[in-house]
Structures are given as C-alpha cells and as structure tokens.
Amino acid sequence: MAETCRQFLADCGINPERLALEWASAAEAPRFVELITGYVNSIKEKGEIGSAEGEADSETIKRRLAAAVKAAEARKPRIALGNLAKRLHKEGDFSKEAIEKGVSSKILPALRAERIKEELLMLLAQGPMDMKELSKALWADEGEIEKPLSQLVKKGVIEEKDGKYSLADK
Amino acid sequence: MAQQNVVKKESEMAQEGFEPRILGFFCHWCCYAAADSAGVSRYQYPPNVRVIRVMCTGRIDARFILEAFRCGADGVFTGG
C-alpha cells in the first residue's frame, strides 16, 4: 500500500519522500522522537508542497490530487491492488523488488489511467483545449490520452470541434 | 526603500521559519502509545504533526493519504 502511494504520488508530481512509514513500538518513545524529528526536518528542507525539486506547481497539484482521490476510489485500481496482494501471498515473495515490480506493472497503470480520465474532465470543464495542451497539462503523451478521450466522446460527455475538445452541453 | 526592506525581511523570515503542516496516522497500540509516553517522559519533539489515531496501521487506505495531501498537508507520517 505504501509503495502504491509512493509511486502514485510521484506520478502526480509530488516528491514521494513526503510520505513516511515508520515503526515504533509503544515502549520506544526515544526512537519515536528521533524518527519524528528527522522526518519533520526533512520536510522543512523540502519546503511547502509543490516547491521541492521536480514537483508540479501548486495549482496543478491541487487539481491532480483531486483527480487522484477519485482514481483511488475507482474499481479497477482497487481490484488490481487486491489481485497483487493475493499473488504476493501465494508466491510468498515479499521482497522490496517484487512489490515494487508488481505495483509498477499492475497497479500504477490502472491508477494513472483513472487519474488521466478524471483530470481530463476537470481541465475541459475550464474551457476547450486541443491535444497538445492536454498532453502538456496532464503529463501524459497523446497515445495515453486518446483512449479515455475517445471513450468519453463516444459516451457524449465530450465533443470535438476543429481539433479542440470541450465538455458537451447537456 | 525602508518599507521594501521590511517586506523583504518578512519574506525571508517566512522562508526561514517555515513550519510544515504534517499529518500523522498513528496506530493506537504502537506509535500513538509511543508518542504518549514520549510526552509523559518529557522528550522534546517538533509540534508540526497533527495526529489522527487509527486502531491499526492496516486500516489506512491510499485514499486517506492522497486526501491529506489534497487538503494541503506538506507531508504524511504513518507510524505503526
């Protein structure tokens, strides 16, 4: 789960080190203090969300996280997560590499696809955009956007006019 | 000019005194108890963490973490 979150945060343009998962038992107060102090200092170095190296600007992050929350609720990524957990249990291999590989090959593509779809709708709600603009705003290449876009056009949610896409009038 | 300097100084101070907002998900039986006993034994630790107690770290969902960042957290600390 933590690995999924880390990879997905990176996909959203957030430094994955902002998420920490640490273990301290009830008897380990000094260790807890050490962990929390180290962690707070590392975040202080990184600065506000969106200001660390390689991160998206804060407006993009806001929009993207709203899409990401919806993506995390969607059925497909959740099924992928369940299936991966089942597979790891069956194979008995819980090494870091096996988990990383499983997440990046199975769960992340599902989450990313949902994120792109949701963010597409959010962007088009602000006004019409063409393929190039969409690709730049979504951090995705045109091939990745085409599929959800054509599905939404088919459903009648989005319409295309002179190469520009916009939300269909209801 | 003087005012400009003041403004500059203020922004510098804001940079130096940046206090991150961190959300903590603490397990009731482990980290939460550790935090409690750290408090009782008067250890000093930074006050930036807002804690949400969960009954088990396994209860935490990817949604919680994304939602925390969406609400403006600069970091999420999960303690089991």
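B:Arg42 counts as exposed, with 6 C-beta neighbours inside 10 Å (20 or more other C-beta atoms within 10 Å make a residue buried, 12 or fewer exposed, and values in between partly exposed, with C-beta atoms placed from the backbone). This is a predicted model, in which local features need pLDDT of at least 70 and side-chain atom pairs count only at pLDDT 80 or more, while totals for chains, interfaces and linings use all residues. Residues are numbered from 1 along each chain as its sequence is written, and chains are lettered from A and ligands numbered from 1 in the order in which they are written.

B:Arg42 sits in the loop between α2 and β2 of chain B (helices are DSSP runs of H or I with at least four residues, strands runs of E with at least two, both numbered from the N terminus). Its phi is near 60 degrees, a positive value in a residue other than glycine. A:Trp139 belongs to the loop between α6 (131–138) and α7 of chain A. With 17 other C-beta atoms within 10 Å, A:Trp139 is partly exposed.

Chain A has seven helices and four strands, which follow one another along the sequence as α-β-α-α-α-α-β-α-α-β-β. Its C-alpha trace spans about 65 × 40 × 25 Å along the principal axes. Of its 170 residues, 31% count as buried. Among contacts in chain A between residues at least 6 apart in sequence, 58% join residues at least 24 apart (a contact requires C-beta atoms, placed from the backbone, within 7 Å).

The interface comes next. Chain A contributes 34 residues to the contact and chain B contributes 31. On the side of chain A that touches chain B, the elements giving two or more residues are α1 (2–11), β1 (19–22), α2 (29–46) and α3 (58–73) of chain A. The largest share of that side, 10 residues, comes from α2(A). By class, the side of chain A that touches chain B has 24 nonpolar, four polar and six charged residues (Ala, Val, Leu, Ile, Met, Phe, Trp, Tyr, Cys and Pro are nonpolar, Asp, Glu, Lys and Arg charged, and the others, Gly among them, polar).

Four strands form an open sheet in the order β1(A)-β3(B)-β1(B)-β2(B), with parallel pairing (strands pair if DSSP finds at least two bridges between them). β1 of chain A and β2 (49–54) of chain B stand at the edges with a single partner strand each, so one side of each is left without a neighbour in the sheet. The twist from one strand to the next averages 20 degrees (axes are lines fitted to C-alpha atoms, for helices over the stretch in contact, and angles between N-to-C directions run from 0 to 180 degrees).

The link between the chains in this sheet is the parallel pairing of β1(A) with strand β3 (residues 75–79) of chain B, over four bridges. Here A:Leu21 has B:Thr78 as its bridge partner in β3(B). Within chain B, six bridges join strand β1 (residues 22–27) to β2(B), again running parallel, and B:Leu23 stands opposite B:Arg50 in β2(B).

Helices from both chains lie across these strands. Helix α2 (residues 31–40) of chain B lies across β1, β2 and β3 of chain B, at about 110 degrees to β1(B).

A helix pair also joins the chains. α3(A) packs against helix α3 (residues 62–70) of chain B at an angle of about 170 degrees, with the axes 9 Å apart. The two helices are therefore roughly antiparallel to each other. Residues in this contact include A:Leu65, A:Val69 and A:Glu73 of α3(A) and B:Arg63, B:Leu66 and B:Phe69 of α3(B). By class, the contact has eight nonpolar, no polar and four charged residues.

α3(A) has 16 residues and reaches 23 Å from its first C-alpha to its last, close to the 22 Å expected at 1.5 Å a residue. Its buried residues include A:Ile61, A:Arg63, A:Arg64 and A:Leu65. Among the elements covering them are α1, α4 (75–91) and α5 (96–126) of chain A together with α3 of chain B.

Chain A also takes part in a second sheet. Its three strands form an open sheet in the order β2-β4-β3, with antiparallel pairing. β2(A) pairs with strand β4 (residues 164–167) of chain A over two bridges, and A:Met129 stands opposite A:Tyr165 in β4(A). Helix α7 (residues 142–155) of chain A lies across β3 and β4 of chain A, at about 100 degrees to β3(A).

How values were computed:
Contact = placed C-beta atoms within 7 Å. Parallel < 35°, antiparallel > 145°, perpendicular 65-115°, else oblique. Expected span 1.5 Å × (residues − 1).
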